[in-house]
Every structure is written in structure tokens, then in C-alpha cells.
Amino acid sequence: MVSWKGTWRNQYGSVVIIEDDSDGMIRGVFRTALPDSSFSGMVVPFYGAAHGDVIGFTSAASGKAGPAAVSYTGIIRDGKIEMLWHTVAGQVLSAEAEGEPAKLTTVGAWRAFGTSLDTFERID
């Protein structure tokens, strides 16, 4: 049986803290290390489920560029979680020219979604 509880860090320094993994339910918080993330500087709660060697959880919050959501799905191998994640945010911060102030801009679906893969290692 896999114990998911603990603090996990990815290759960029972002941290997932799984506070509870009882009865296959996952609960915890996420802190990004990326300064350009909508969730930068925030501690964002997440909820999900795990069974055997697979896990999935989701989070949503209002960040500096408005509402955003992220969902993670992963598999544990050799003590590391290989995690695919999907983000969605309907607005971005952008400036019309260098040196101009940034403003919130609504984007189409083709720009609203992002996907990537991270490796998380347990640090406690």
C-alpha cells in the first residue's frame, strides 16, 4: 500500500503537501515556485483520490490573473510521482508594449489551456 502523505517537491521547487490520504481520499495544499504562475505566492488547497499506485487531484482559486484551475494525475514509480497536469485560466496578464502596464485580457479556449509533466520527490 502506497503512503501518499507527506511533502513532495518537483524539479522547479513547487511543493505539494498531502495532509490526508485516508480511505483513498486525498487532501492537501499546493505552493508554486514559479513567479509567473497565477497562483504565485498563494497556498492553494486541493482534493482528490488515490488507488494503488495512481493519484489524481484538483484545485481552483482566484489568482493574480483571475480564476484558474489545475488538475494533476500521476503514478508513483521508484519513490517519485510522475505527474501530468492540466491548467485552465480564461484571462492572462499582458501588456501592449514593453514598459506599458499589464492588464487582464480574456483569451479564447485555445489559449486558456496548458499541459505539462513534472516529477515530484518526497522531501519528508
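Predicted model: local features only at pLDDT ≥ 70, side-chain atom pairs only at ≥ 80, totals over all residues.

**Whole chain first**

Now draw the principal axes. The C-alpha atoms fill a box of roughly 55 × 25 × 20 Å.

Switch to contacts. Take pairs of residues at least 6 apart in sequence; 39% of these contacts join residues at least 24 apart.

**Surface and burial**

Next, colour by relative accessible area, with buried set at under 20%. Of the 124 residues, 35% fall in the buried class.

**The largest pocket**

Hide the surface and go to the largest pocket. Its volume is about 710 Å³. Which residues lie closest to its centre? Select Asp36, Ser37, Ser38, Trp85 and Thr87. They belong to a lining of 29 residues.

Which elements each supply at least two residues of that lining? Select these in turn:

- β6, residues 66-77
- β7, residues 80-89
- β8, residues 91-94
- α1, residues 109-112
- β10, residues 113-122

Finish by colouring the lining by residue class. Expect 16 nonpolar residues, nine polar and four charged. Keep the centre selection on screen as you do this: Trp85 and Asp36 are both among the residues closest to the pocket centre.

Note on methods. Residues numbered from 1 in each chain as written. Heavy atoms only, no water. 1 Å grid on protein atoms, 1.4 Å probe; cavity = no way out; pocket = protein on both sides within 12 Å on 5 of 7 lines; lining within 4 Å. Points joined across faces, edges and corners; volume = space filled by probe spheres on them. Helix = DSSP H or I, 4+ residues; strand = E, 2+ residues; numbered from the N terminus. Nonpolar A, V, L, I, M, F, W, Y, C, P; charged D, E, K, R; others polar. Buried < 20%, exposed > 50% of the residue type's maximum accessible area, 1.4 Å probe, protein only. Contact = heavy atoms within 4.5 Å.
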